[in-house]
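This briefing sets out selected local features of one structure. Please view the sequence and the coordinates together before reading on.

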Amino acid sequence: MSANESLPFFEPRQQVPLPPKDAEVLTTCCDYCIVACGQKVYRWPAEGPHGGPKKSENALNRDYPLAGMEGNWLGPNQFTQAMHNGKLHNIAVVPDGDATVVNPGGNHSIRGGCIAQKVYNEQKPTRDRLKRPMLRIAGELTPVSWDLALDVAAEVSRHVIKHHGEDAWAMKYYSYQFFENTYALTRLAFKSINTASVAQHDHPAIVDATPGWTDIGYDSFSASYEDYRLADCIVISGADPFETKTVLWSEWISRGMAENQTRVIMINPRKTVGVAAAEQRGGLHLDVNPGSDTAVHMAIERVILENGWEDREFIDRWVNNFWETDSGFGQGTRNTPWQWRTTWGHFQVKDFEDWKQWILAQEESKPEVAARIAGIDPRKIHQAAEMMARPKPNGERVKTTIAIEKGNYWSNNYLNTVSIGTLGVILGCGGRPGRAITRLGGHQRGGRSGGKYPTWKSPYKMPGRRHHRVDLDRWVADGHVRFAYVVGTTWIQSMCGSQNLKKNFQAQTRDNPHQVQREDKQHIIDTLKRRVDSGGMVIANQDIYLIDPIGSQFADIILPAATWGESDFTRCNGERRIRLYSRFYDPPGEAKPDWQIVSMFARKMGFEGYDWNEPNDVFEESCRFGRGARTDYNVLRTVAHRKGMKAHDLLRSYGTTGLQCPLLLDGDTIIETPRLHDYERTDLPDTGPEGVSVQRKNLMAFKTQTGKLNLLKSPWKLWADFYEFMRPRGDELWVTNGRVNEIWQSGFDDTERRPYIQQRWPDNFLEIHEDDARKRGIETGDRVVIESKRVPVQTDFNLGVKSDDMWFSGLMKRNHIKIVTGSFEAVAIVTPVVKQGVVFTNFLDKNNPANSITPRVPDPLTMNYRFKLSSGTVRKIGESPYKSTFAQMSFTRRNIV
């Protein structure tokens, strides 16, 4: 091997200037994972003067060079240059070394530590940001004015709504972004247009990610990060927070293990860094087969019940009896979102004793049966139950916190969330320090709806007199969408059965005979109207980069958006902490924030109420729409106006600390909410439940009509037919997917535009166990193809009468499932960290998406996709260049501690 074959193609900058004492300092947060670490932005003119190495000479107030890992270290990836008010400035984005919450002392992940490289800079890989609106003319995307692009979008939209109905106008958008943007988008879709054809970036419909918890009465984001440090035991299902929420792991969970001897139980098929660290400190790894979680949960519950380790005091106080569940306050389950589920009698129980008898009668709750389904040692089930629930020698109960994420609820959505939720109930989880039950989270929480979803308009009727919300992927595939407004999402690759879905888009856009040929406004409008009238579809794609294929191949209209750092925005993190993300540089070209594009678009369509001049206008309007929600920030507007301020400016004054929602008001004092369901809380204002702030039950109780929890059944038989179909056959293996630490989402910032990450991950990867690789003649560095010839895709079924109509076997029987083929390629990494019989890949490599083979058959109870559950063959097709050279792509195991 020559020297050049191991020479990195990325050489980092060796020196960066320090900000001077008089540099402007603004606050923001990391834009990536749910934790949202606090950051400070230092801005000063590019020509200087610059700061000096003594703390008296720089704005960071540190003497340089720093010793070891001391906070406020400024590295090359934390420095860039950008335009501010039309002039070039130096920009340093540094984790807040003075922070006392979220990321104390300036802790950060590799993603947040490099976020300055997200900033648009014409001399860097971000130079390909979208800068002007474009229209597709003669097959090519051509720059045009904002007026022309939006005139076309508005005129075609009005035509579609008038001639094909509101539900022919669809919107696919990010659910996570900033409150200002999501409020504006949903105000347009729900309030102004009143369409039911709306779906968020990671679902086929507007759905509840953890519906089992909702039916039980748990809020999905109830915990404070402090709870992880206070717990005796943490159960983490479907994720490794080290890989996906690094600072939550390193600052809160790891400190709990070190200071409080917290033991961590990890439930997933891979042995990652987090798993290895947990085992090293007395924790446990339940390396379950994909989709087998419900059986394992029930078996753990059985062991707890048989030993009498359940929290009877909590159960007696906080679990509904039959009257409270069925008829409480004249409402009960017949008047709740789960009405149609309970009418069949599959889930509802009379009380704790009835539920206990049901659990003990289930074959799948026997540890040896559950262990066989999950492919684990049955002794681990007993060990897990003891760690979670066996009282301490002094008689005290173990303080257990449960945290789940996508590996749990994106395989067997309803039954997994019900079964781990009922496990939480009998452990006494919810409301007390160190005894939380919560989602870990993926994206940050910036969703605010500007209108009510019109469920009644959906044609998807299910048994029990209920409508499902529109499955937008199926709605498109069946030819019902005429105009699609796609905002900030990698639609197609991010959805199940993506190769087949791409064919649907191709047929309805580029393959339609009505294509624009010249830059003439009336010709463009008339041509696109003829397309929609002939059964085709027009797509407007709004994003920061040109996304392939939704933008580069299929979109007729491209709208350039401004993003993080280019407008003032607000958002919450995973403990409901709201903060202001400051604007600190100019957007590229003519790019505008999404809320402003919506304002222009809506007014051209003739809608009123969109006369916003700045992001604070949108934020203040959105305040009242979140009253009573977990992210209720309405009091910010009230207090700000009393002080003669804007709500944005009041929030700005709280810096990177922010405020924990929901926010309450006592006089002029804002009261925060560290955790929900806190029935030991004593600081609620005595001003009554209504007013500026709303005191909902979930502040000091649970989210049901009585304020108590519902125990529910989780019958394996309702899942068994689909699970049996998806099981590997012959030479197939389970194929599952997830995130890795270095890459955020589709890699739009990382693997595409950061040389260091490009060097680390230049291609998709596939972790495969040594024994599975040996049988197939596969070595590390080989290029492999992963293929399934039996990818199920649900088609036109939209009317259910009997409950059997919706189960997978019923859909198959009635020809509502078609079987298609899908495949993707990757570079093999032969490793013992992944379980034998299971392979693991990146969850969203845009060029080789794992979703090519995931089933496009949503959970019939909840409309959630089963992204984590697929099977296929793995075959070597050659050698990658990384097998014999070491300039790119490391094959190091991911369970190093």
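A polar contact is a pair of N or O atoms within 3.5 Å; within protein, one must be able to donate a hydrogen and the other to accept it, and residues adjacent in sequence count only if both atoms are side-chain atoms. The model is predicted, so local features need pLDDT of at least 70 and side-chain atom pairs count only at pLDDT 80 or more, while totals for chains, interfaces and linings use all residues. Residues are numbered from 1 along each chain as its sequence is written, and side-chain values use heavy atoms, with hydrogens and water left out.

**Thr210**

- Helices (H or I, at least four residues) and strands (E, at least two) are DSSP runs numbered from the N terminus, and Thr210 sits in the loop between strand S8 (198-200) and helix H4 (211-216).
- The side chains of Thr210 and Ser220 form a polar contact at 2.4 Å.
- Thr210 counts as buried because its relative accessibility is 0%; buried means under 20% relative accessible area, exposed over 50%, and partly exposed in between (1.4 Å probe, protein chains only).
- Leaving aside residues up to four places away in sequence, Thr210 touches Ser220, Ile404, Tyr409, Thr417 and Arg439, where contact means heavy atoms within 4.5 Å.

**Largest cavity**

- On a 1 Å grid over the protein atoms alone, a cavity is a set of points where a 1.4 Å probe fits but cannot get out, and lining residues have an atom within 4 Å of a point.
- Grid points are joined across faces, edges and corners, and a volume is the space filled by probe spheres set on the points.
- There are 9 cavities of 30 Å³ or more in the structure, and the largest has a volume of about 390 Å³.
- The largest cavity is lined by 27 residues, of which Gly238, Ala239, Gly407, Asn737 and Gly738 are the closest to its centre.
- At least two lining residues come from each of helix H6 (241-244), helix H16 (406-409) and strand S24 (733-738).
- The lining of the largest cavity comprises 7 nonpolar, 11 polar and 9 charged residues; Ala, Val, Leu, Ile, Met, Phe, Trp, Tyr, Cys and Pro count as nonpolar, Asp, Glu, Lys and Arg as charged, and the others, Gly among them, as polar.

**Helix H2**

- Helix H2 (residues 146-164) has 19 residues and spans 26 Å from its first C-alpha to its last, close to the expected 27 Å, a value given by 1.5 Å times one less than the number of residues.
- Buried residues of H2 include Trp146, Leu150, His159 and Val160.
- Gly165 follows H2 and has a positive phi, near 95°.

**Backbone geometry**

- Most residues other than glycine have a negative phi, and most peptide bonds are trans.
- Tyr64 and Pro65 are joined by a cis peptide bond with omega about 0°, and Pro65 lies in the loop between strand S2 (38-45) and strand S3 (79-84).
- Asp548 and Pro549 are likewise joined by a cis peptide bond, with omega about 5°.
- Asn85 has a positive phi near 55° and is exposed, with a relative accessible area of 63%.
- Ala138, with a positive phi of about 55°, is located between strand S5 (134-137) and strand S6 (140-143) in a loop.

**Arg13**

- Arg13 belongs to the segment before strand S1 (24-29) and is partly exposed at 48% relative accessibility.
- A polar atom of the Arg13 side chain lies 2.8 Å from the backbone oxygen of Gln15.

Technical notes. On a 1 Å grid over the protein atoms alone, a cavity is a set of points where a 1.4 Å probe fits but cannot get out, and a pocket is an open set with protein on both sides within 12 Å along at least five of seven lines; lining residues have an atom within 4 Å of a point.
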